[in-house]
Amino acid sequence: MDAITITGATVNRIPLTSFPDTRVSFPKLNKQVTIASILSAYDDLIENNRRRIALLEEAARLLYREWFVHFRFPGHEHVKFVDGIPEGWERRTLADIAQTNRDSYRAKELPEELNYIDISSVAQGRILSKNRVASTEAPGRARRKARDGDVIWSNVRPNLRAYALVLEPNQNDVFSTGFTVLSATEVPFTWLYLLVTTDRFVGHLVNHATGAGYPAVRPDDFERATVAFPRKAVLNLFHKSTEPKFRLISKLEKQNQKLAQARDLLLPRLMSGEVKV
């Protein structure tokens, strides 16, 4: 690239008029095609993993809907209904089967370096990014702990569905206090996650959100939601069927993060000729 004249009395800037005349170097067309084919292989792997993730989660949701919404669980033909739910099931509140915000860091207990996850890092079942920061520079909201199988749910604007299932978190992952962290106590985490991400549960949160500019819910809004609590045998069978799907989803997501990082590191090296093609 040719040298560019930088002007400005107090703040350096490149005049817009300089851009049309700026000369840049780039590979010949045949090399560009080769580079594109190399990078597209990464993109194809990422997209294939995304499709597998979508199919795996949809299969788990369909099974949840079949067993716990339509009540067509194994052996349902021989079960009577009492007050609208199968005999042997109970109506409980979420507080009876899960804890909210079980564990948090104090300011002086934070890891020296931490992976901070805030609300903007999460969207509809996915932790999209983690911000690595020193504890001395961490935001004051960096306090929540989440363990394997916990569910994080954004308190702000629940209609946006900023939630995720946390599996095999890093030891130094720290979550914002803008999340309510749900920890299953009397039920498998797979069932809890699918329960609290149904349209019905999201509607419960939206109806209890307060505040005009930033409608938000509190932990007790989660806790007082009523649920139909199935028999343990049905829950255990459901967990046995769905846990491998969610574990595989977690592995595929981590693969995609590594693939994207490798692709992004490779691109400038291919373009500069550092890596020969």
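Four strands form an open sheet in the order S4-S13-S10-S11, with antiparallel pairing. Strands S4 (98-100) and S11 (163-165) stand at the edges, each with a single partner strand, so one side of each is left without a neighbour in the sheet. From one strand to the next, the twist averages 20°. Strands here are DSSP runs of E with at least two residues, and helices are runs of H or I with at least four residues, numbered from the N terminus. Two strands pair if DSSP finds at least two bridges between them. S4 is joined to strand S13 (residues 179-184) by 3 bridges, and the two run antiparallel. Thr-100 stands opposite Leu-182 in S13.

The model is predicted: local features need pLDDT of at least 70, side-chain atom pairs count only at pLDDT 80 or more, and totals for chains, interfaces and linings use all residues. Residues are numbered from 1 along each chain as its sequence is written, and side-chain values use heavy atoms, with hydrogens and water left out.

Thr-197 lies in the loop between helix H2 (189-195) and helix H3 (199-208). Thr-197 is buried, with a relative accessible area of 3% (buried means under 20%, exposed over 50%, partly exposed in between, with a 1.4 Å probe and protein chains only). Not counting residues up to four places away in sequence, Thr-197 touches Arg-61, Trp-153, Arg-161, Tyr-163 and Val-202, where contact means heavy atoms within 4.5 Å.

| Partner of the Thr-197 side chain | Distance |
|---|---|
| Arg-61, side chain (polar contact) | 3.0 Å |

Note on methods
Polar contact = N/O pair within 3.5 Å; in protein donor to acceptor, adjacent residues only side chain to side chain. Axes fitted to C-alpha atoms, helices over the stretch in contact; angles between N-to-C directions.
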